[in-house]
Amino acid sequence: MKKTIISLSLITTALLFGNDNINTTQFLNSAIEDAYDIHDTFKNKTDTLLKSDEALQAYAKEVVNFESKLETFLNNSTKEFQSTKDALNALDDVEQLSTQITVLAKTTAYLAAHQADNTNESYNNTIQTMSKTILRLSDDIGTMADRIGEMADKIGVMADRIVQTQEIQSKNYTATLQLSQYAMNLASNQGEASRNMSTNNLTTSMSNSMQSQNMNQNNPQGSIPMR
């Protein structure tokens, strides 16, 4: 089922970006579906994602692909809205997409805070990389909201409605920034703790080895077997 969803997403992306001018409404609908798909991955695989670096990397790749799709949209020209209804729908959609990015930041913070004890430094590096990707996503949404606001203004949408979208995006960006920084700080601390533990284990092992050698030197004959 997941393969079918991914295939449909790729087909949609090809159709959207196959022309010089992108239909904003179609793109936003497709992007929202992608965001929900990523969240479904988290819900369905939470336990695995908390324990497996490999699973987390696959999840992070979904986020990276999503960010690339949004970046492609921003790098292409878009069709102007044909009606105020289309413009208002686009404003609603970009608000929803903005909220989904904040949810994504929240799930990453959850993974950072509840990761299993056996996770390694690579796991925490993936958390940090993914958090940076999410920050870029939130920034992309802000750029997108500004563009859609300008297009909506051209077709006659009231200024206060456009400002509403900008305010929602601003609040979501602040929340996303705080959550991503929290996740990165946790991952950094966990990584440092993991390195310290490895160093301590190595030191303990070397110390035990030296003690054993000293004992052997002090008693070269070893213990005398009992008859």
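**View 1. Contacts across the protein chain.** Among contacts (heavy atoms within 4.5 Å) in the protein chain between residues at least 6 apart in sequence, 87% join residues at least 24 apart. The model is a predicted one, in which local features need pLDDT of at least 70, side-chain atom pairs count only at pLDDT 80 or more, and totals for chains, interfaces and linings use all residues. Residues are numbered from 1 along each chain as its sequence is written, and side-chain values use heavy atoms, with hydrogens and water left out.

**View 2. Helices and strands of the protein chain.** The protein chain has six helices and two strands, taken as DSSP runs (H or I, at least four residues, for helices; E, at least two, for strands) and numbered from the N terminus. Along the sequence they follow the pattern α-β-α-α-β-α-α-α.

**View 3. The largest nonpolar core.** This core holds 46 residues, and Y59, F66, L97, L111, I127, M130 and M144 have the most contacts inside it. Two or more residues come from each of α2 (24-51), α3 (53-74), α4 (84-114), α5 (121-154) and α6 (159-218). A nonpolar core is a set of buried Ala, Val, Leu, Ile, Met, Phe, Trp, Tyr and Cys residues joined through side-chain atoms within 4.5 Å. Buried means under 20% relative accessible area, exposed over 50%, and partly exposed in between (1.4 Å probe, protein chains only).

**View 4. Surroundings of F66.** Leaving aside residues up to four places away in sequence, F66 touches A31, D34, A35, I38, L97, I101 and L137.

**View 5. Q164 in helix α6.** Q164 lies in helix α6 and is partly exposed, at 36% relative accessible area.
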